[in-house]
Amino acid sequence: MRHNDQNQGPSVRVLRVGEQVRHVLSEILQRGDVHDDVLVTHPVSVTEVRMSPDLRHATVFVKSLLGRDEEAVLKALRTNTAYLQREVARRIRMKYAAKLKFLSDESFDEASHIDKLLRDPKVARDLGPAED
């Protein structure tokens, strides 16, 4: 009897496939296999891929180098989605070609914002060593 717990995270298989998709997309983009002027001139990092439990959908989080022209990069990736889906399916040999959805990875911006807040003199004073 299989127990389905709502609070349980993704399975090892889902995580493994997501990491494989991330590696394949990174390789394709790094080698310049996509013939798109924006993607050729803007290096892109694939920071994370989250697969759906049935492996039919992949949310791909990307960050352009130095955060330059994020919208143009996302538009270029979305324009070339069909090619990227075919290449991922061919290289990983999955039963179904996962539908790719590209989103900007905001985690770096959030981390920078938190770091900036922690360095604020008012906050630093509160976090500093306690005086007797």
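Analyst: Let us begin with a single residue in this predicted model. Beyond its neighbours within four places in sequence, Val 21 is in contact with Val 49, Met 51, Val 88, Ile 92 and Leu 100.

User: Which residues have the most contacts inside the largest nonpolar core?

Analyst: A nonpolar core is a set of buried residues joined through side-chain atoms within 4.5 Å. Here the largest such core has 28 residues, and Val 21, Met 51, Leu 77 and Leu 100 have the most contacts inside it. Two or more residues come from each of helix H1 (12-31), strand E1 (44-51), strand E2 (57-64), helix H3 (70-79), helix H4 (81-92) and strand E3 (99-104). H1 gives the most, with seven residues.

User: How should I read the sheet, and what is the order of its strands?

Analyst: Strands of a sheet pair through backbone hydrogen bonds, either parallel or antiparallel. In this model, three strands form an open sheet in the order E1-E2-E3, with mixed pairing. E1 and E3 each have a single partner strand, so one side of each lacks a neighbour in the sheet. From one strand to the next, the twist averages 30°.

User: How many bridges join E1 to E2?

Analyst: Seven bridges join these two strands, E1 and E2, which run antiparallel. As one instance, Arg 50 has Thr 59 in E2 as its bridge partner.

User: Which strands does H3 touch?

Analyst: H3 packs on the sheet and touches E1, E2 and E3. The direction of H3 makes about 175° with that of E3.

How values were computed
Residues are numbered from 1 along each chain as its sequence is written. This is a predicted model: local features need pLDDT of at least 70, side-chain atom pairs count only at pLDDT 80 or more; totals for chains, interfaces and linings use all residues. Side-chain values use heavy atoms; hydrogens and water are left out. Buried means under 20% relative accessible area, exposed over 50%, partly exposed in between (1.4 Å probe, protein chains only). Helices (H or I, at least four residues) and strands (E, at least two) are DSSP runs, numbered from the N terminus. Contact means heavy atoms within 4.5 Å. Two strands pair if DSSP finds at least two bridges between them. Axes are lines fitted to C-alpha atoms, for helices over the stretch in contact, and angles run from 0 to 180 degrees between N-to-C directions.
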